[in-house]
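Trainee: Please take one part of this structure and go through it closely. I would like to follow the helix packing and the spaces in the protein, step by step.

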Amino acid sequence: MIRLSGWDASMLYSETPTVHMHTIKVAVLDLATDEEHYGIEQFRQVIARRLYKLDPFRFELIDIPFKFHHPMWRENVEIDLDYHVRAVQVASPGGRRQVDEVVGEIASTPLDRSRPLWELYLLEGLADNRVAVVGKIHHALADGVAAANLLAKGMDPGLALDDERDGYPTEPVPSRTALVVSALGDHLRQVGRLPSAVRYTADGLRRVRASKRRLSPELAWPFTPPPSFINHKLDATRRFATAALPLRDVKETASQLGVTINDLVLAISAGGLRALRQRYDGDADEPLLASVPVSFDVSPDRLFGNRFSGMLVPLASDVDDPIKRVYAARAAASTAKENHRLLGPELVCRWSEYLPPAPAAALFRYLARRSSRNKIFTLPISNVMGPRERGQLNNRIVSEIYSVGPLTVGSGLNITVWSYVDQLSISVLADGLTPGDPHELTEAMVDDFVTIRCAAGLSSTLSAIPGVMAP
């Protein structure tokens with residue numbers, strides 16, 4: 001048994017009927033020949049043989065009686081692969097739009113907490129003899145880094161058939177008494193760690209007071225991002241959109257301008273959102289505010305848990321000039337990182353250990369029911385380094401990977417960018433009440449990237465990415 005951290009558990013408490021806290025991963029596989037068929041039974045067999053290496057897929061959530069403490073993971077449970085691994089037919093002609101539509105439907109329903117918190121879908125009927133694997137994983141189980149490691153391990157081409165096995169020993173269900181006794185012991189240990197949390201907080205406040213830096217107006221309390229088409233009470237519907245940029249062109253552009261890839265991601269996000277704000281809000285005169293996750297444990301061996309915190313970064317969607325917008329993104333990210341470092345990256349995670357389960361869940365349900373926008377930030381934007389080597393699943397090459405995080409209370413968009421081998425994969429998730437089509441945002445981000453390249457004196461013609469789905 002493993003106790004969920006307070007930060008892991010908060011991903012459960014914040015889930016409501018309209019705020020689903022699962023993440024989505026999409027891997028596109030190229031089949032070997034035009035005649036080859038790769039069906040659901042073959043896929044289930046592959047997963048069955050690899051389950052012993054994918055530890056979090058064998059975790060089951062166990063609630064503590066009376067909500068006395070954060071839940072626990074029961075390890076090594078039996079998995080019903082007929083339930084967890086399913087087949088879905090993509091509509092003709094099986095291109096990017098049709099795949100994205102199915103992924104949106106998959107994302108629109110919450111995971112069943114009475115079962116291990118993941119599902120896999122084999123999408124059949126893709127063009128050019130491909131299939132796609134969609135992973136739906138609860139955020140309580142893994143953050144972006146852990147999910148990337150889990151995905152890389154599942155696609156490891158070095159995992160030979162003779163290394164795979166069909167079974168593993170399962171663990172019994174703990175008694176109610178054992179759960180309460182364990183919770184009492186963990187509470188006592190938490191009390192013992194309280195002075196350390198207080199010292200960590202005090203040290204952060206001292207560093208902030210001693211620093212010459214001051215929070216920018218966009219980051220001062222209370223946070224006041226402007227109203228936008230993005231922010232409203234959510235519904236349960238999810239719509240999904242993807243696009244791919246050649247990573248070599250992204251690196252070339254970042255190098256030409258003397259910025260990081262993360263700066264460029266923030267800049268094209270701001271540019272894309274500027275275009276949509278002008279379309280749906282009528283103006284884009286104020287900067288938006290992004291919540292950007294920052295991991296403080298990037299170990300390649302970590303397969304589960306949440307080890308990140310968020311920093312608030314102003315998005316220069318009010319800046320018309322593309323190059324000025326890039327440098328504004330760099331400056332904003334630099335200031336946000338410094339403020340984040342001064343306060344301490346683990347501050348929120350440490351204090352989340354003391355969240356009371358029942359009141360925390362009730363608070364999030366109340367917030368989700370309110371007809372108001374998110375007044376702390378506009379939307380989450382993530383940039384995750386995915387697998388650097390091309391993965392394989394049962395000797396089938398994984399040609400593309402996309403990932404997106406969940407929507408948050410009062411914010412109807414999420415932008416998640418993953419790098420994978422030779423591509424920068426852009427994913428956008430929207431609810432059903434956000435105006436327009438999420439593909440409008442992915443297209444606007446690609447267009448903004450081309451605009452930045454032209455303004456930087458680079459070619460407007462992007463390099464080809466072999467094997468990716470056509471726009």
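Mentor: The largest cavity has a volume of about 310 Å³. The model is a predicted one. Lining this cavity are 22 residues, and those closest to its centre are Phe57, Leu120, Val133, Leu151 and Met155. Several elements each supply at least two residues of that lining: strand 2 (22–30), helix 2 (40–50), strand 7 (130–138), helix 5 (144–154) and strand 13 (396–404). Sorted by class, the lining of the largest cavity holds 18 nonpolar, two polar and two charged residues. A search of the whole structure finds four cavities of 30 Å³ or more.

Next comes an open space. The second largest pocket contains about 340 Å³ of space. Its lining consists of 16 residues, and Arg96, Ala243, Ala244, Val446 and Pro471 lie nearest the centre of the pocket. Two or more lining residues come from each of helix 4 (96–107), strand 8 (238–246) and helix 12 (438–455). Strand 8 gives the largest share, five residues. The lining of the second largest pocket divides into 10 nonpolar, three polar and three charged residues.

Start with helix 8 (residues 261–280), whose axis comes within 8 Å of the axis of helix 12, with a crossing angle of roughly 120 degrees. That angle makes helix 8 oblique to helix 12, because angles over 145 degrees count as roughly antiparallel and 65 to 115 degrees as roughly perpendicular. The crossing of helix 8 with helix 12 is right-handed. On the helix 8 side, the contact is made by Leu264, Ala267, Ile268, Ser269, Gly271, Gly272, Leu273, Ala275, Leu276, Arg279 and Tyr280. On the helix 12 side, the residues are Glu440, Leu441, Ala444, Met445, Asp448, Phe449 and Ile452. Counted by class, the contact of helix 8 with helix 12 has 12 nonpolar, three polar and three charged residues.

Now turn to helix 7 (residues 247–257). The axes of helix 7 and helix 12 come within 10 Å and cross at roughly 45 degrees. Helix 7 and helix 12 are therefore oblique to each other. Their crossing is left-handed. Asp249, Val250, Glu252, Thr253 and Leu257 of helix 7 meet Phe449, Ile452 and Arg453 of helix 12. By class, four residues of this contact are nonpolar, one is polar and three are charged.

Two details of the backbone remain. Most residues other than glycine have a negative phi, and most peptide bonds are trans. The peptide bond from Ser92 to Pro93 is cis, with omega near 10 degrees. Asn76 has a positive phi, near 55 degrees, although Asn76 is a residue other than glycine. Asn76 is found in the loop between strand 4 (72–74) and helix 3 (81–84).

Terms used. Residues numbered from 1 in each chain as written. Predicted model: local features only at pLDDT ≥ 70, side-chain atom pairs only at ≥ 80, totals over all residues. Heavy atoms only, no water. 1 Å grid on protein atoms, 1.4 Å probe; cavity = no way out; pocket = protein on both sides within 12 Å on 5 of 7 lines; lining within 4 Å. Points joined across faces, edges and corners; volume = space filled by probe spheres on them. Helix = DSSP H or I, 4+ residues; strand = E, 2+ residues; numbered from the N terminus. Nonpolar A, V, L, I, M, F, W, Y, C, P; charged D, E, K, R; others polar. Axes fitted to C-alpha atoms, helices over the stretch in contact; angles between N-to-C directions. Parallel < 35°, antiparallel > 145°, perpendicular 65-115°, else oblique. Left-handed = near helix turned anticlockwise from the far one by under 90°. Contact = heavy atoms within 4.5 Å.
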